[in-house]
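Subject: Structure for your review

Dear colleague,

Please find the structure below, followed by a summary of what was found in it. I would be grateful if you could read the two side by side.

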Amino acid sequence: MLKNKLRILVSILAIIFILISVYFALIYTPPHEIMGDVQRIFYFHVASAWISYLAFGVTFFAGVMYLKSKDFKWDNIAFSSAEIGILFCTLGIITGSLWARPIWGVFWRWEDIKLFITFVLWLIFIAYLALRANAKSRTSKANLSAVFGIIGLICIPFSFGANRIWQQYHPTILVSSEGSLQPSMALSLIISVIAFTFLYIYILLVRVDIEKMKEEIDKLKQKVGG
Amino acid sequence: MVDIADLIYLYAAYSIIWVGIFLYIVKLHTAQKKIENELKMLKEILNGKKT
């Protein structure tokens with residue numbers, strides 16, 4: 001009952017913040033003086049990337065907790081979060097490419113380390129899902145996933161920091177000494193990130209609930225069969 | 001300044017984001033409903049066996 005109330009509350013907050021974020025991104029914030037309206041992609045591109053990092057971070061944490069406790073509850077959280085992370089990482093990559101085409105003239109630059117590492121991160125978690133699908137027992141599935149989740153986390157600091165260290169093509173927004181973001185743009189970005197964070201929590205609650213019910217079904221099937 | 005024709009990329013990006021998220025949530029809710037029904041059915045079978 002409390003869980004349902006929490007889910008409803010989070011979904012309402014997500015909807016409210018999504019509507020506000022779309023208003024801020026498309027109407028309130030002026031177009032960028034150099035990039036024009038295409039820059040508006042950035043608000044949800046960055047929010048998607050942030051959620052993918054958060055989701056993979058939760059996968060790592062839940063994976064570690066599973067290895068410590070051997071409680072499948074943690075494995076369900078890790079798997080659910082990894083799936084959501086892949087969704088948002090995919091959206092981040094696609095929207096980044098759609099921003100890059102008019103600005104750089106190409107959809108993708110393999111020579112940019114940030115782009116390359118983010119692609120590797122995405123591949124690691126695709127492999128994570130493939131690995132789970134092919135693991136034989138429930139325990140080996142959870143163990144392998146936890147280890148893969150930990151490996152995946154290693155990429156996150158590199159993916160996040162690559163453009164700050166090497167300063168290639170990908171823009172850096174948070175550490176610019178010139179303050180490349182106007183206050184209205186920064187506000188729009190913060191609201192988009194908050195909206196996507198609520199959306200992530202909502203999806204995670206639903207996804208974990210599905211995994212929990214699947215486990216219950218497996219147990220009941222054994223009882224019915226026996 | 002970017003050409004007005006480049007707005008197609010803005011439109012495409014927003015469409016992909018919202019349609020992608022919407023479809024994923026719809027898929028989750030469909031799966032959730034299906035699993036809930038299966039769980040209910042199994043519980044009924046088990047209760048029937050007990051009585």
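**A residue at the core**

Leaving aside residues up to four places away in sequence, A:I41 touches A:T95, A:L98 and A:W99 in its own chain, as well as B:Y9, B:L10 and B:A13 in chain B. Please note that this is a predicted model.

A:I41 also belongs to the largest nonpolar core, which has 59 residues; A:I41 and A:A55 are those with the most contacts inside this core. At least two residues of the core come from each of α1 (2-28), α2, α3, α4 (113-134), α5 (138-165) and α6 of chain A, and from α1 (7-50) of chain B.

**The two chains**

Chain A contains six helices and zero strands, and its pattern along the sequence reads α-α-α-α-α-α. The C-alpha trace of chain A spans about 70 × 40 × 25 Å along its principal axes. Of the 226 residues in chain A, 39% are buried. Among the contacts in chain A with a separation of 6 or more, 78% are between residues 24 or more positions apart.

Chain B has one helix and zero strands. Buried residues account for 8% of its 51 residues.

**Where the chains meet**

The contact between the chains draws 28 residues from chain A and 24 residues from chain B. On the side of chain A that touches chain B, α2 (41-69), α3 and α6 each supply at least two residues. Which helix gives the most to that side? It is α6(A), with 13 residues. By class, this side of chain A has 17 nonpolar, two polar and nine charged residues.

**Packing of α3 and α6 in chain A**

Helix α3 (residues 72-104) and helix α6 (residues 183-225) of chain A pack with their axes 9 Å apart, at an angle of about 130°. That angle makes α3(A) oblique to α6(A). The crossing in which α3(A) passes α6(A) is right-handed.

From α3(A), the residues in this contact are A:F72, A:N76, A:I77, A:F79, A:S80, A:S81, A:E83 and A:I84. They meet A:Y200, A:I203, A:L204, A:R207, A:V208, A:E211, A:K212 and A:E215 in α6(A). By class, the contact of α3(A) with α6(A) comprises eight nonpolar, three polar and five charged residues.

With kind regards

Conventions. Residues numbered from 1 in each chain as written. Chains lettered and ligands numbered in written order. Predicted model: local features only at pLDDT ≥ 70, side-chain atom pairs only at ≥ 80, totals over all residues. Axes fitted to C-alpha atoms, helices over the stretch in contact; angles between N-to-C directions. Helix = DSSP H or I, 4+ residues; strand = E, 2+ residues; numbered from the N terminus. Parallel < 35°, antiparallel > 145°, perpendicular 65-115°, else oblique. Left-handed = near helix turned anticlockwise from the far one by under 90°. Contact = placed C-beta atoms within 7 Å. Nonpolar A, V, L, I, M, F, W, Y, C, P; charged D, E, K, R; others polar. Buried ≥ 20, exposed ≤ 12 C-beta atoms within 10 Å, placed from the backbone. Core = buried A, V, L, I, M, F, W, Y, C linked by C-beta atoms within 7 Å.
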